[in-house]
Amino acid sequence: MAGERSHRHKAVVPELRRLHSPDLWDLRTSSPEDPENFCILVQAMIGAKNEPGEECFNFTVCTPKSLYKCLSEKSFVFGKHHLIISYYNYDIIWKAINSICERISGTSWKEVAEKLSRYGQWEFEDYKGYQEQ
């Protein structure tokens, strides 16, 4: 219609750039002592596709056997930000986290990051900037 403007925004799409773990020296070439019974922290570095910068999303990657061990010791396990796999395999971890990135988009990086934080703990989750009183 005349006088109306089209408000088309370019969608922001996340891109998985790399994976890191403080629990394993090299996620690609090393593995836990027992590949079917482990629980490690994996940090996914994700940024907006075709844009500089990336932010960290933390996943607790574990197996059913490790969860069962925790359950037998404590009787409960909380599950937010967990990725459960049957055995250790770098490609499976990459594919799982990348599949989240492939189905998320938004109008801003903040919107995209908030959606990603439903799966992995975002480094800025619950962050409140300094507010002078």
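## A first look at the fold

The protein chain has three helices and five strands.

- The average pLDDT of the protein chain is 90, and 88% of the residues score at least 70.
- Residues 1–6 are another matter: their pLDDT is below 50, and this stretch has zero contacts in the model beyond near neighbours in sequence.
- Where pLDDT is low, the predicted coordinates should not be read in detail.

**The chain as a whole**

- The protein chain has 133 residues, and buried residues make up 34% of them.
- Take the contacts between residues at least 6 apart in sequence: 56% of these join residues at least 24 apart.

**The nonpolar core**

- The largest nonpolar core holds 27 residues, and Leu19, Val61, Ile93 and Ile97 have the most contacts inside it.
- Two or more residues come to this core from each of β1, β2, β3, α2 and α3.

- Helix α2 has 13 residues and spans 18 Å from its first C-alpha to its last, close to the 18 Å expected at 1.5 Å a residue.
- At its N-terminal end, α2 is capped by Asn89, which has a side-chain oxygen 2.9 Å from the backbone nitrogen of Asp91.
- Which residues of α2 are buried? They are Tyr90, Ile93, Ile97, Asn98, Ile100 and Cys101.
- These residues sit on the same side of α2 because they cover an arc of only 150 degrees around the axis.
- An α-helix has 3.6 residues a turn, so residues three or four places apart point the same way.
- The buried residues of α2 pack against β1, β2, β3, β4 and α3.
- On the face of α2 turned away from the buried side, you will find the exposed residues Asp91, Lys95 and Glu102.

**Helix α3, with one buried face**

- Helix α3 covers residues 109–116, and its residues Val112, Ala113 and Leu116 are buried.
- Viewed down the axis of α3, the buried residues fall within an arc of 100 degrees, so they line one face of the helix.
- What do the buried residues of α3 pack against? Their partners are β1 (14–20), β2 (39–48), β3 (55–62), α2 (90–102) and β5 (121–122).

**Two loop residues with positive phi**

- Asn50 lies in the loop between β2 and β3. Its phi is near 65 degrees, a positive value in a residue other than glycine.
- Is Asn50 buried or exposed? Asn50 is exposed, because its relative accessible area is 67% and the cut-off for exposed is over 50%.
- Ser75 has its place in the loop between α1 (64–74) and β4 (82–84). The phi of Ser75 is near 75 degrees, again a positive value in a residue other than glycine.
- Ser75 is exposed too, with a relative accessible area of 64%.

Key. Residues numbered from 1 in each chain as written. Predicted model: local features only at pLDDT ≥ 70, side-chain atom pairs only at ≥ 80, totals over all residues. Heavy atoms only, no water. pLDDT = per-residue confidence, 0-100. Contact = heavy atoms within 4.5 Å. Buried < 20%, exposed > 50% of the residue type's maximum accessible area, 1.4 Å probe, protein only. Helix = DSSP H or I, 4+ residues; strand = E, 2+ residues; numbered from the N terminus. Arc of directions from axis to C-beta. Core = buried A, V, L, I, M, F, W, Y, C linked by side-chain atoms within 4.5 Å. Expected span 1.5 Å × (residues − 1). Polar contact = N/O pair within 3.5 Å; in protein donor to acceptor, adjacent residues only side chain to side chain.
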